[in-house]
Structure formats: structure tokens, C-alpha cells
Amino acid sequence: MAAWGRRRGVPANRERIALTSAECYIVHEIYNGENAQEQFEYKLEQALEAQYKYIVIEPTRIGDETARWITVGNCLHKTAVLAGISCLLTPLALPAEYTRYISLPAGALSLACAALYGISWQFDPCCKYQVEYDTFKLSSLPLHTLTSSTPVVLVRKDDIHRKRLHNTVALAALVYCIKKIYELYFV
């Protein structure tokens, strides 16, 4: 009955929370000399390694680079999952003589994306973060103290399930591709 008074379409857990200074770190855009860009990068690295829940990046260049890096990692993850699923589901949807033309390249793409993600992104502290766009969640952050009008806000999220998903799907696609190649050339 408590949900009757709430607006429609807004989840019940959307109450504001107060953040402590240990949960949010702001990389301020303050130029203190010639190597300010390196100082910004160093502060960002420290914040990533300290595993703050929220990281606000005020310098535009570093914020954009970080957001692009996270987007590329997300793209590799999604491509690995979708290509792997298409590899595994193609034999169910197409006749047997056509499945190898779609499932084998899709399986190779899934394996390549999962391997590239594992090599390049898995140990990067940035892979634990996602760019936050939700204005309601952003309203609880201390963004009023910033000098930049377009900061990039990173939120730390657990990615263990995401890694398990794309690794499992890519491994299943690899097993299917090896089985198909064996059937095509050795049987």
C-alpha cells in the first residue's frame, strides 16, 4: 500500500542519499603550471585505485578520454555477448547447410572481442566504472562546487557478472566453432 502514493514509473528506491567524502572524489580543473594535464591524470589514477564510489572528472579532455575508453570496453563486452549468442542460436534458426556461414564468423568475433577485453581492459581500474547519465543520481553529488559545466561522472559498479557472462558465452561459442570445424574438415 505504501507504493500507491508514489509517482508512476519511478522505482521505490529512488530516495536521495547523503554522500560522504569517502564515497565521492572530484578531479578539479585547477591549472598550477605547465604540467597540469599530468597532474589531472595522476589524480584520476589515484582516485581509480582508491576505489571511490563516485569520481567526478572536471577537466574536459581527460573526462572525454575516460568516457570513450569506458565506451569502447562496453562495446567489446556487448559485441562478445551478442556475437556469441548469435553463434549459438544460428543453428536453431537456419538450415544446417547455411549455419556455418554465420555461426563460425560470429563465434570468432565473440572470441576475439572477449580476448581483447581480457587483455586490454580486465586489469584496468577504469573497467570497474561506468559513466553516469541519470540526472536524479547526479543531483545527489556535490556538482555545485565545480567550475566546469560538463563534468564526466563515473560510478563504480561490480563487473564480475558481466565478465562471467561474456567469458562463458565466448567459451561456449569457441567450443561450438571447434566442433563445427572438426565436423567440416575431419569427418
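**View A. Val-152 and the residues it touches.** Once its neighbours within four places in sequence are left aside, Val-152 is in contact with Ile-55, Val-56, Ile-57, Gly-63, Asp-64, Ala-67 and Val-131, where contact means heavy atoms within 4.5 Å. This is a predicted model, so local features need pLDDT of at least 70 and side-chain atom pairs count only at pLDDT 80 or more, while totals for chains, interfaces and linings use all residues. Numbering starts from 1 along each chain as its sequence is written, and side-chain values use heavy atoms, with hydrogens and water left out. Val-152 sits in strand S4 (residues 152-156); helices (H or I, at least four residues) and strands (E, at least two) are DSSP runs, numbered from the N terminus. With 11% relative accessibility, Val-152 counts as buried; that label means under 20% relative accessible area, against over 50% for exposed and partly exposed in between (1.4 Å probe, protein chains only). Look for Ile-62 as well: its C-alpha atom is 9.0 Å from that of Val-152, though the two are 90 residues apart along the chain.

**View B. The whole chain, for orientation.** The chain has five helices and four strands, and reading along the sequence gives β-α-β-α-α-β-α-β-α. Of its 187 residues, 36% count as buried. Take the contacts between residues at least 6 apart in sequence, and 78% of them join residues at least 24 apart. The accessible surface comes to about 12,000 Å², with 61% of it belonging to carbon and sulfur atoms; these areas come from the Shrake-Rupley method with a 1.4 Å probe, and for residues only the protein chains shown count as cover.

**View C. Tyr-25 and Tyr-52, a tilted ring pair.** Searching the whole structure turns up four aromatic pairs. In one of them, Tyr-25 and Tyr-52 are 5.2 Å centre to centre with 35 degrees between the planes, which makes the pair tilted. As for the cut-offs, rings of Phe, Tyr and Trp (its six-membered ring) pair if their centres lie within 6.5 Å, and planes under 30 degrees apart count as stacked, over 60 as edge-to-face and the rest as tilted. The pair links distant parts of the chain, 27 residues apart: Tyr-25 belongs to strand S1 (residues 24-27), and Tyr-52 to the loop between helix H1 (36-50) and strand S2 (54-57). Tyr-25 counts as partly exposed because its relative accessibility is 22%.

**View D. Tyr-182 and Phe-186 on helix H5.** Here the ring centres of Tyr-182 and Phe-186 are 5.7 Å apart and the planes meet at 35 degrees, so this pair is tilted. Both residues lie in helix H5 (residues 160-186), four residues apart, or about one turn of the helix. Tyr-182 has a relative accessible area of 49% and is therefore partly exposed; Phe-186, at 61%, is exposed.

**View E. The largest pocket.** Its volume is about 200 Å³. H1 and helix H2 (60-93) are the elements that give two or more residues to its lining. Ten names to find here: Glu-41, Leu-44, Glu-45, Leu-48, Ile-62, Glu-65, Thr-66, Trp-69, Asp-124 and Cys-126. They divide into five nonpolar, one polar and four charged, where Ala, Val, Leu, Ile, Met, Phe, Trp, Tyr, Cys and Pro count as nonpolar, Asp, Glu, Lys and Arg as charged, and the others, Gly among them, as polar. On a 1 Å grid over the protein atoms alone, a pocket is an open set of points with protein on both sides within 12 Å along at least five of seven lines, a cavity is a set where a 1.4 Å probe fits but cannot get out, and lining residues have an atom within 4 Å of a point. Grid points are joined across faces, edges and corners, and a volume is the space filled by probe spheres set on the points.

View F. H2 and strand S3 (129-131) each supply at least two residues, with H2 giving the largest share, four. By class, the lining has seven nonpolar, three polar and one charged residues.

View G. Tyr-42 lies in helix H1 and counts as exposed at 53% relative accessibility. Its C-alpha atom is 9.7 Å from that of Val-27, 15 residues apart along the chain. In the loop between H1 and S2, find Gln-51, whose phi is near 60 degrees, a positive value in a residue other than glycine. Most residues other than glycine have a negative phi.
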